[in-house]
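Please open the structure in your viewer and follow the stops below in order.

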Amino acid sequence: MMRAYSFLTVLLWSSMLHAIHMMPSQKRTNKHAHSERITRLSENDGKTLHRTKRGWMWNQFFLLEEYTGPDTQYVGKLHTDQDKGDGNLKYILTGDGAGSLFVIDENTGDIHAAKKLDREEKSLYVLRAKAIDRKSGRQVEPESEFIIKIHDINDNEPKFTKDLYTASIPEMSGVGTSVIQVTATDADDANYGNSAKVVYSILQGQPYFSVDPETGIIKTALPDMSRENREQYQVVIQAKDMGGQMGGLSGTTTVNITLTDVNDNPPRFPQSTYQFSSPESAPPGTPLGRIKANDPDLGENAEIEYSISNGDGSDMFDIVTDKDTQEGIITVKKLDFEKKILYTLRVEATNTHLDPRFLQLGPFKDTALVKISVEDIDEPPVFTRSSYLIEVDEDAKEGSIIGQVVAQDPDVTKNTIKYSVDRHTDLDRIFNVYSGNGSLFISKPLDREETPWHNITVIATEISNPKQSSQIPVFIRILDINDHAPEFAKYYETFVCENAKAGQLIQTVSAVDKDEPPRGHKFFFELVPEFAVHPNFSIIDNKDNTAGIITRRNGYSRSKTSTYHLPIIIFDNDYPVQSSTSTLTIQVCACDSRGNMQSCNTEALLLPAGLSTGALIAILLCIIILLVLVVLFAALKRQRKKEPLIISKDDVRDNIVTYNDEGGGEEDTQAFDIGTLRNPEAREESKMRRDVLPETIFQIRRTAPLWENIDVQDFIHRRLKENDSDPAAPPYDSLATYAYEGNDSIANSLSSLESLATDGNQDYDYLSDWGPRFKKLADMYGGEESDRD
C-alpha cells in the first residue's frame, strides 16, 4: 500500500504542476485580463501595428493535503509583464493564510505552503496579490484575487454514527426481513475520486444475517430462527471507503440482535398421569395438588388456562389457574367417601393467546389424566337441615313436644347418636331434648311478652366417639295469645275548669296492650256499670283506640269537690276478650276566661279562717327565732365553767405543759438540780397550778414523806389516789409524769449521768455473769478491745 500511495502522490503532483503551468495561458477573466496597449503607426511611416501584452501569469492553483515532503510545498509563481527582472518590483500576498500558511518571495513571486494542510479543515483558500514599484510605492498592476484549492487524499476512514447498535426481530421471521440500518460517514471529498465511497460488509454474524453493501440495511439470512434455540446474536459490520477496493480505509461497528418471542410452541404436560389423595372431610376450596404444563414461550405467549374436560369427578373437584406460576391447582368442590373412593379427571391445558401465523404448528393444548382417591375418616354427625325454625303457642303446657331435630352419622359404621341442648344458649332451662330421638319439649312456662324468641343450640354426639359432635341452631318463635288486658297508655293529669260548660272535651285517653294480635289492636272504652250515667262526666269512644272525656254540666266548685275519680273499662277484640278498669283522676282548677288553668290547689279553702300565706310565713319565723334563743341560752350556760389560763395552739386539752427551755447539759449544775429526779421528797412542795386561775387560796394538803423503802408500784398508786382526791384537779383527763426511779438495784445505775463523777474506765466484765439477757450489753461495754472498736 505504501508503494502505491507514493506513486499516486507523484502522479497527482505532476498533474498539479502541469495544471499550474497550463492554466495562466488558457484562461483570462475580465477581472484578471491583461491590459492591451495598441500602438498605431501611420501608413506613411510604413510600419506594422504591434499589441503590447501585460498582466498576471496565474489564475488558480492546486495543492495536495497532508504533504509530508522534506521541503516546503511549492504552490506557484506570480509574475507580471512589468517585471523586467531588475528587482524594482515587490510582490505582496494577502488573504486566507497569507504569511502563516502561504509565504511569497517578494522578489520572484514564488509561493510556498509553509505548513501541512488538511482539506477536511479547509478545502479552499482565497488570496489577493499585488505588485508594487519599490521606488515609487505605486502598484504597477491592480490587486487581483486567486484561489488555492486543496486536493483530497484518502486520509479518513469511515465512521459509524454509533459504536453499538441494538435491535430486535420476532423469531421465525422469513429470509430478507429487515432488522436495522447502520450508517457510516467518510470525511474525505466525495466529489474527488472514491475516497468517500463507502461499501458495507459483514464480518461476524453469518450465516444468520446479511447486510446490503450500499444502504447498510441488515437482514435475516436464515429462515425460522427459533428464540428457544438461541436468543442473542452479535453482528459485526464493516464500512470501507475507496468503493471497497484494496487500499481503502475501513471502520467497524457491533450490532446486538435479540429474537423476540412469538407463540410458536404449544403447552406440554411432562407426564401423562397424576395421582392425588384427599380426606373426605376436606372442606370446599381445599387445594389437593398442582400440575403444570411446560411452555417454552415467554410472557403472554406462555399463559395457560386449565380446565376439566371430562371425567367422573368433574362435579366433585375443580381446577383453577395460578396466574403467577402458570400452574393448575386442583381443589375440592364436595366429597362423599360413602359414594365413591376414586375419581378420574381429564385435565386440559390451553394457550390463551394464539398467533394465527403459527396455527399449523398446533394444536396449542395438551391433556393429562388426574386420579384422586378419597380417604375415609370418622366424620361428625350431619343434621338434615342447616337450621330449624319452630313455632309454639305461649300457653303450651310443660312437657309438650314442640319439634324434632334429626342428625345422621355419614360414616359406613352408622354410629348411634345422642342429642343434648347447649345450656349456654338456654340458661333458664326452658327447653329440653330427648337424647334418643331429638324431640324438643318445654320444661318451663312460656311468656311471649317477656321473650318472644328463643335461640338455642342442639348438639348431636356419637355415642362410641364423643369427640365427634356437631351443632345446629334452633330458632323458637313464641306465638302470642290474648292473655293481657289493655290499659291506659300513660298516666293522665286531667283537670276541669270551674267555669267549664257542658259538653266540653277535657281529655283524650288511649290504651296499650302487651299482646300482638294478628289483625292489630282494637280497643273499646266505656264507664263501669255503676257509673253508666255519670252526673258530671261522660265518655265517647272515638273508634280509633282513643276516647274523649266530656263534661255533663255547667260549672264545678273546688270548695265542694276538688277531685273526681272516673272509672273506665277498656276492652280488646281478641279471643278471649280481655278487659281492665282504669281510674281517671280529674281535678277542679281555677281557669281564666280562655280556659287556661291558673291554680288547682286548695288555697281558697283556707281564706275563710283568716290565715293568708304571709301570716303562715310570719308564724314560721317566730318559731325559728324561739329555737335560736333556746340554743344560745344553753350555750351561755355551758360557758360558766372556768377558762384555763394557758390558751395556745399547743394546748391539746391533755394537761401537758410545754416549756421551751433547753438545759445546759450534764455539766450545767446551776440551771437544774439533777438530784431532784432521784429525791421524791424534793417534789413534795406544794405549788400552785399555773394553768388555771384559782378562785380561792386554800391550804395545800401535805402528805407524809413515805419515800423510804417504797416500791415504784406503791408510789404510783399513792400519786393516783392523791390526784383523784385533789379538788383543784382539772375536769378533763390529765397526764401526770413522775421521774421516780425506785430503790436501788443490785446492778446499780446504768445511767451515764454520773459518769463524770468516776475517774478512769469502768469495769463491765460483771455483765457477762448476768446471763444471756445481758449478753448484748456485755458485748458493748465489756473488754478493752470492745472499747477500742
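Select Cys-497 first: with a relative accessible area of 7%, Cys-497 is buried, because the value lies under 20%. The model shown here is predicted.

A disulfide joins Cys-497 to Cys-591, with an S to S distance of 2.0 Å. The pair connects distant parts of the chain: Cys-497 belongs to strand 36 (residues 494-497) and Cys-591 to strand 42 (residues 579-591), 94 residues apart.

How many disulfides does the structure hold? There are two. In general, such a link is a covalent bond between the sulfur atoms of two cysteines.

For the other link, select Cys-589 and Cys-600, which a disulfide joins with an S to S distance of 1.5 Å. Cys-589 lies in strand 42, while Cys-600 lies in the loop between strand 43 (597-599) and helix 2 (603-606), eleven residues apart. The torsion about the S-S bond of Cys-589 and Cys-600 is 105°, and the link is right-handed.

Is Cys-589 buried or exposed? Cys-589 is buried, at a relative accessible area of 0%, whereas Cys-600 is partly exposed, at 24%.

Next, display the bonded cysteines together. Numbered in sequence order, they pair as 1-3 and 2-4.

As a last stop, select Cys-622, which is partly exposed at 47% relative accessibility.

Technical notes: Residues are numbered from 1 along each chain as its sequence is written. This is a predicted model: local features need pLDDT of at least 70, side-chain atom pairs count only at pLDDT 80 or more; totals for chains, interfaces and linings use all residues. Side-chain values use heavy atoms; hydrogens and water are left out. A disulfide is a pair of cysteine sulfur atoms within 2.5 Å. Helices (H or I, at least four residues) and strands (E, at least two) are DSSP runs, numbered from the N terminus. Buried means under 20% relative accessible area, exposed over 50%, partly exposed in between (1.4 Å probe, protein chains only).
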